[in-house]
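Thanks for coming, everyone. I'll take a few minutes to walk you through one structure. Please have a look at it first.

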Amino acid sequence: MSAGRGTATRGAPGEPRAVAYLYLAPALLVWALFMAWPLIRAVWLSFYEWDGLSVGTWVGLDNYVAVFTDPELREPFGHALVLLFFFSVLPILFGLVLASITARADVRGAGFFRTVIFLPQVVAMVVVAIAWRQIYEPSGPLNDGLRALGLDGLTHAWLGEQATALAAVGLVGTWVGTGLCMVLFLAGLSKVPRELYEAAALDGAGALRQLWHVGLPALRGEIAVAITLTVVAALRTFDLVYVMTTGGPGTATRVPAYEVWRWSLNEGRVGYGVTIALVLTALILLVTVVVNQVAERGER
């Protein structure tokens, strides 16, 4: 038996194992330089009180204790949870509805319609933020449209009022994310045999029941991908907030990623800002792992 294994090892087809590692070496080198080393460096900086210019002071775990006990940081993380609704829940719901309509119905110009919905995904987020900042202005197209409809009471300084600023930023995330979700769900629905829908229709199932009993089970993997991508987008949002509101009015739109920038570059506490970034990274990884675990259990 052992002789057989030895013979199989000596005579195994293909390149030796060492050659395989040589093939992987360039990718491992790039990963080590641009992923592993910056992460190790960030963890090292989180143990220092450092302004980015002078010699840092070792503070051990003080920055981590401060991050978890600082009441000033609870509001940004609470805002991130609110953005999850706009960046993840709404795009997935709208994406499901749009995909179920355009995948089965013979809608004239469906290709153009899908392109328009997906278009925000290929536009730089800074451009998106500038465009929507102008739309939200007190004399911008949104308020002009409401006045034209006689809805003057609904006009607001959308980004200038604490009650509306965070939701206004979140709706931009909804607008951007819906196209991505729709395309993912369209790809999933294209794998469902049309006969299943026809059988469900013969059993008297309406469009909503067909989507629930036929479409959704086939979209489990795509929904997991959509949740992962949109949740990550919500938690790491910075460019939209920075360009549209700079965290204001007051602290109404401050989010964790904005706090990383503010503490690291604006307040001159690099170690504290890096610690916030590491906590945010750990939170994103945790959410990603949980979503994938739940999706894998559902497929078994």
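Start with the rings. Trp-44, Phe-47, Tyr-48, Trp-58 and Tyr-64 are linked into a cluster by ring pairs. Keep in mind that this is a predicted model. The count of aromatic pairs comes to 15.

Trp-132 and Trp-175 sit edge-to-face. Their ring centres are 5.5 Å apart, and the planes make an angle of 65°. Where do the two residues of this pair lie in the chain? Trp-132 is in helix H6, residues 125-135, and Trp-175 is in helix H8. They are 43 residues apart, so this pair links distant parts of the chain.

Now, is each of the two buried or exposed? Trp-132 has a relative accessible area of 18%. The cut-off for buried is under 20%, so Trp-132 counts as buried. Trp-175 comes out at 40%, which makes it partly exposed.

Stay with helix H8. That helix covers residues 162-189, and it meets helix H5, residues 110-118. The two axes come within 7 Å of each other. They cross at roughly 135°.

Who makes the contact? From H5, we have Arg-114, Ile-117 and Phe-118. From H8, we have Thr-178, Gly-179, Leu-180, Met-182, Val-183 and Leu-186. By type, the residues of this contact are six nonpolar, two polar and one charged.

Pick out Gly-179 from that list. Gly-179 is in helix H8. Its relative accessibility is 0%, so Gly-179 counts as buried. Leaving aside residues up to four places away in sequence, Gly-179 touches Ile-117 and Phe-118. How far is Gly-179 from Arg-114? In sequence, 65 residues separate them. In space, C-alpha to C-alpha, the distance is 7.5 Å.

Next, the loop between helix H12, residues 239-244, and helix H13, residues 256-266. Pro-249 is found there. Gly-248 and Pro-249 are joined by a cis peptide bond, with omega at about -5°. Thr-246 lies in that loop between H12 and H13 as well. Its phi is near 50°, a positive value in a residue that is not glycine. Why point these two out? Because most residues other than glycine have a negative phi, and most peptide bonds are trans. As for accessibility, Thr-246 is at 44%, so it counts as partly exposed.

Move on into H13. Glu-259 is placed in this helix. Is Glu-259 buried or exposed? It is buried, at 1% relative accessibility. What does Glu-259 touch, not counting residues up to four places away in sequence? Its contacts are Leu-73, Pro-76, Arg-254 and Ile-276.

Last item: charges over rings. The charged end of Arg-262 sits over the ring of Trp-263, 4.7 Å from the ring centre. Then take Arg-269. Its charged end sits over the ring of Tyr-272, and here the distance to the centre is 4.5 Å.

To recap, then. The H5 and H8 axes cross at roughly 135°. Trp-132 and Trp-175 pair edge-to-face. A cis peptide bond joins Gly-248 and Pro-249. That's my tour. Over to you.

Methods: Residues are numbered from 1 along each chain as its sequence is written. This is a predicted model: local features need pLDDT of at least 70, side-chain atom pairs count only at pLDDT 80 or more; totals for chains, interfaces and linings use all residues. Side-chain values use heavy atoms; hydrogens and water are left out. Axes are lines fitted to C-alpha atoms, for helices over the stretch in contact, and angles run from 0 to 180 degrees between N-to-C directions. Helices (H or I, at least four residues) and strands (E, at least two) are DSSP runs, numbered from the N terminus. Contact means heavy atoms within 4.5 Å. Ala, Val, Leu, Ile, Met, Phe, Trp, Tyr, Cys and Pro count as nonpolar, Asp, Glu, Lys and Arg as charged, and the others, Gly among them, as polar. Rings of Phe, Tyr and Trp (its six-membered ring) pair if their centres lie within 6.5 Å; planes under 30 degrees apart count as stacked, over 60 as edge-to-face and the rest as tilted. Buried means under 20% relative accessible area, exposed over 50%, partly exposed in between (1.4 Å probe, protein chains only). A charge sits over a ring if NZ of Lys or CZ of Arg is within 6 Å of the ring centre and within 35 degrees of the ring normal.
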